[in-house]
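Subject: Handing over a structure

Dear colleague,

Please find below the sequence and the structure that I promised to pass on to you. Have a look at them first, and then read on for what was found.

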Amino acid sequence: MVPSTATAPSANLQISTTVTDRMVVAYGGSLSGGASAMTYNGVSMVQAVLEDSSASTSGNLAGIGLYYLLDADLPTTGGTYAVAATFAVADSHAMVGAVAISGVGQSTSGHVIASTAYHNTSATSIAVTITPLEANSWFINTAYAVTTST
């Protein structure tokens, strides 16, 4: 996770080629909205979900975007590569993060399900109900909470 004041913050993520069925999942969040686009090693990532704070009426949630790339679009040599996010406006609270996982089914037909259903249970907690549609599903969650207190 890397905080930044830029409209295009970035981080680095190391991947291996000794594993199969890889997937890179990345997120970009800020007080001003989620990342509108992300790349890994210069390759555009697929948007799974984008939740902007301007569309939220649920309280202390800011924007976040969740993106992914499957094995076919990842570098064929192991190494450390840049994860970059694009935001509509510069925000001193922008964050970028990523994770590489393996053993992931490579078909997205009906399998990549993203949800932005949430509710605040208090000023400091969020509750989300998750029901997987298939057995042996991966679950990847992102959240970005803010406070306006000083």
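Read from one end of the sequence to the other, the protein follows the pattern β-β-β-β-β-β-β-β-β-β-β, and its secondary structure comes to zero helices and 11 strands, where helices (H or I, at least four residues) and strands (E, at least two) are DSSP runs numbered from the N terminus. Please keep in mind that this is a predicted model, in which local features need pLDDT of at least 70 and side-chain atom pairs count only at pLDDT 80 or more, while totals for chains, interfaces and linings use all residues. Residues are numbered from 1 along each chain as its sequence is written, and side-chain values use heavy atoms, with hydrogens and water left out.

Of the 150 residues of the protein, 32% count as buried, a term that stands for under 20% relative accessible area, as against exposed (over 50%) and partly exposed (in between), with a 1.4 Å probe and protein chains only. Among contacts (heavy atoms within 4.5 Å) with a separation of 6 or more, 77% come from residues 24 or more positions apart.

Next comes a sheet. Four strands form an open sheet in the order β2-β8-β4-β5, with antiparallel pairing; two strands pair if DSSP finds at least two bridges between them. Because β2 (10–15) and β5 (43–44) stand at the edges with a single partner strand each, one side of each is left without a neighbour in the sheet. Strand β8 (residues 79–86) is joined by four bridges to β4 (residues 37–40) and by six bridges to β2. V83 in β8 stands opposite Y40, and V83 is also the bridge partner of A11.

In a regular strand the side chains alternate between the two faces of the sheet.

Beyond its neighbours within four places in sequence, R22 is in contact with residues including L69, L74, P75 and I101.
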